[in-house]
Amino acid sequence: LTELDEAMRRTGDAVTALLDTLLPAVAGPRGRVIEAMRYSALGGGKRLRPFLVVSSAALFDVPQAQALRAAAAIEMIHCYSLIHDDLPAMDDADLRRGRPSAHKAFDEATAILAGDGLLTEAFAVLADPATHEKAEVRCELIAAVAHAAGAAGMVGGQMIDLSDERAALDLDGITELQALKTGALIRVSALAGAILGEADDAARGALKGYSEALGLAFQIADDLLDAESTTEALGKPAGQDSGADKATFVALMGIEGARARAHVLVREAKAQLDLFGDKADSLRETADYVIARRH
Ligand code: IPE
Ligand code: IPE
Ligand code: MG
Ligand code: MG
Ligand code: MG
């Protein structure tokens, strides 16, 4: 294992342990939705967004406990987005993280509610004083995360992805789709550390530039894996995008063109980090990782 793998695993384990305590099981009929929330939030995943939160927070010496709470909240929102993305009305995918999707392990209504529950609970976690002692800082973080998750961010991107117009999108259109659908949550993950650390505008600008390029590279890699990998390796159905006529960089530029674009984006991402010096090495390695990953 490389140092980055080790560090990602440590952060992943810490965020999973925190999610376990933030989402305690309950008895009675209400327990079923909590069980579905736990199934989705505790059941694997690369925990990339938490790692970005923790790595960006480390640049500004934010206490680890605060960074992990922001990381757990953003991961809850990511898990909600996956539950809903897999529903029959959206991508209709039966497999997620190597296990039955939430609506298969439970049922559709429970899966919808589990997504709603995770999205909502995330904001309760962010609003808690344990996330930051200053209310203004918590409010800023809540607003940034809400904006990234909502119709100007992830939800808006999912809408474009499902629309009839998506087949006609050009490069700029696909770039916007990806920036919203996947990029917005990745961007706010990298920015969360700067918000918690009350960083200056130069640092925030650098992290925005880094994460915007990173998010695009990440979604290109997701699309390349969809085209080139297997369901077994991915733990989610491969080959869904071409089957569904999805607008992706791969569809528009071909495998080699998309891969070349991803490499350029990774270089652009890393070029933003100079002002942080060695402290940003894990963010630099993360940029290489997002396009080298096998799942
Ligand atoms: C998958 O995200 C959905 C996209 C936004 C492309 P990840 O590849 O981060 O999924 P997990 O969390 O590792 O399962
Ligand atoms: C979904 O993109 C991104 C989300 C907001 C969940 P995809 O539909 O490509 O994600 P996968 O490939 O199912 O993980
Ligand atoms: Mg989708
Ligand atoms: Mg999908
Ligand atoms: Mg995909």
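**Exercise 1: The site of ligand 2**

An oxygen atom of ligand 2 lies 2.8 Å from an N or O atom in the side chain of Arg96. The model is predicted, with local features requiring pLDDT of at least 70 and side-chain atom pairs counting only at pLDDT 80 or more, whereas totals for chains, interfaces and linings use all residues. Residues are numbered from 1 along each chain as its sequence is written, chains are lettered from A and ligands numbered from 1 in the order in which they are written, and side-chain values use heavy atoms, leaving out hydrogens and water.

Task: State which residues lie around ligand 2, and describe the polar contacts of Asp91 and Lys236 with this ligand.

Step 1. A residue is near a molecule if one of its heavy atoms lies within 4 Å of it. The residues around ligand 2 include Ser81, Leu82, Asp85, Asp91, Arg96 and Lys236.

Step 2. A polar contact is a pair of N or O atoms within 3.5 Å. A polar side-chain atom of Asp91 is 2.7 Å from an oxygen atom of ligand 2. For the side chain of Lys236, an N or O atom lies 2.6 Å from an oxygen atom of ligand 2.

Step 3. On its own, ligand 2 has 390 Å² of accessible area, and the protein covers 88% of it; such areas come from the Shrake-Rupley method with a 1.4 Å probe.

Step 4. The elements giving two or more residues to the shell around ligand 2 are α4, α8 (154-162) and α10; helices are DSSP runs (H or I, at least four residues), numbered from the N terminus. The largest share, three residues, comes from α4.

**Exercise 2: The site of ligand 1**

Task: Determine which side chains hold polar atoms at 2.6 Å and 2.8 Å from an oxygen atom of ligand 1, and which element gives the most to its shell.

Step 1. Among the residues surrounding ligand 1 are Gly45, Lys46, Arg49, His78 and Arg293.

Step 2. Lys46 has a polar side-chain atom 2.6 Å from an oxygen atom of ligand 1. For Arg49, the distance from a side-chain N or O atom to a ligand 1 oxygen is 2.8 Å. A polar side-chain atom of His78 also lies 2.8 Å from an oxygen atom of ligand 1.

Step 3. Ligand 1 exposes 390 Å² when taken alone, of which the protein buries 88%.

Step 4. With three residues, α10 gives the most to the shell around ligand 1.

**Exercise 3: An aromatic pair**

Task: Classify the arrangement of the rings of Tyr39 and Phe106.

Step 1. Rings of Phe, Tyr and Trp (its six-membered ring) pair if their centres lie within 6.5 Å; planes under 30 degrees apart count as stacked, over 60 as edge-to-face and the rest as tilted. The count comes to two aromatic pairs.

Step 2. The centres of the Tyr39 and Phe106 rings are 5.5 Å apart and their planes stand at 80°, so the pair is edge-to-face.

Step 3. Tyr39 belongs to helix α2 (residues 31-42) and Phe106 to the loop between α5 (102-105) and α6 (108-127), so that the pair links distant parts of the chain, 67 residues apart.

Conventions. Polar contact = N/O pair within 3.5 Å; in protein donor to acceptor, adjacent residues only side chain to side chain.
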